Amino acid sequence: VTANAICDIRKFSEYVFSEMKNNGKRELFESWGYSIKDSEYLQQLYVTQALQKYCDGEYVFKGVGKYYARIEIVIELPIGDGQTQLIKTGWTLYPKGEIKLSTPFTGFLI
């Protein structure tokens, strides 16, 4: 099995940083110093961390659908001054080890 992580850049450019449908995520990410111009950086950060954590078994199983499973992976998001915010993210797990970002923010790791 070869693991692979996929993150559509639109999860950031057209969702998190959307003027209309971000459910407060835009303001949250902006408070951490990010903007729409950081979408590609965030995409790569998520893919890199999620793939490593998935391969290391650092995820929480959240349930199954007909053709996939749902998992939660904690992303370590740099927020300035050497600080990191630990945030929960939602991923879809497909057969043969492929994971795809479904939700870039589901809450904080407390």
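This is a predicted model: local features need pLDDT of at least 70, side-chain atom pairs count only at pLDDT 80 or more; totals for chains, interfaces and linings use all residues.
Two strands pair if DSSP finds at least two bridges between them. Residues are numbered from 1 along each chain as its sequence is written, and side-chain values use heavy atoms, with hydrogens and water left out.

Let us begin with the strands. β4 and β5 run antiparallel and are joined by seven bridges; on this stretch, Lys88 has Gly107 of β5 as its bridge partner. Three residues lie between the two strands of this hairpin, and Lys96 there has a positive phi near 70°. β5 also pairs with strand β1 (residues 4-6), this time in parallel, through three bridges. You can find Asn4 opposite Glu98 of β5.

Next, look inside. A nonpolar core is a set of buried Ala, Val, Leu, Ile, Met, Phe, Trp, Tyr and Cys residues joined through side-chain atoms within 4.5 Å. Buried means under 20% relative accessible area, exposed means over 50%, and partly exposed is in between, using a 1.4 Å probe and protein chains only. The largest such core here holds 25 residues, and Phe12, Phe29 and Ile99 have the most contacts inside it. At least two core residues come from each of α1 (10-16), α3 (39-55), β3 (69-80), β4 (83-94) and β5 (98-108). Helix α3 gives the largest share, with six residues. In soluble globular proteins, nonpolar side chains tend to be buried together.

Counting contact as heavy atoms within 4.5 Å, and leaving aside neighbours within four places in sequence, Phe12 touches Cys7, Phe17, Phe29, Ser39, Leu42, Gln43, Tyr46, Leu101 and Pro104. For another view, turn to Tyr41 in helix α3. The C-alpha atoms of Tyr41 and Phe12 are 9.9 Å apart, although 29 residues separate the two in sequence. Tyr41 is partly exposed, at 42% relative accessible area. With neighbours within four places set aside, the contacts of Tyr41 are Tyr34 and Pro78.

Finally, follow the charged side chains. In a salt bridge, a side-chain nitrogen of Lys or Arg lies within 4 Å of a carboxyl oxygen of Asp or Glu. The whole structure has six of them. Salt bridges link Glu19, Arg26, Glu27 and Glu30 in a network. Glu19 is exposed at 63% relative accessible area, whereas Arg26 is buried at 16%. Arg26 also bridges to Glu30, at 3.4 Å between the closest N and O atoms. Both Arg26 and Glu30 belong to helix α2 (residues 25-31), where they sit four residues apart, about one turn of the helix. Glu30 is partly exposed, at 38% relative accessibility.

A further salt bridge joins Glu72 and Lys62, with an N to O distance of 3.8 Å. Glu72 is in strand β3 and Lys62 is in strand β2 (residues 60-64), so the pair ties together parts that are ten residues apart in sequence. Glu72 is buried, with 14% relative accessible area, while Lys62 is partly exposed, with 45%.
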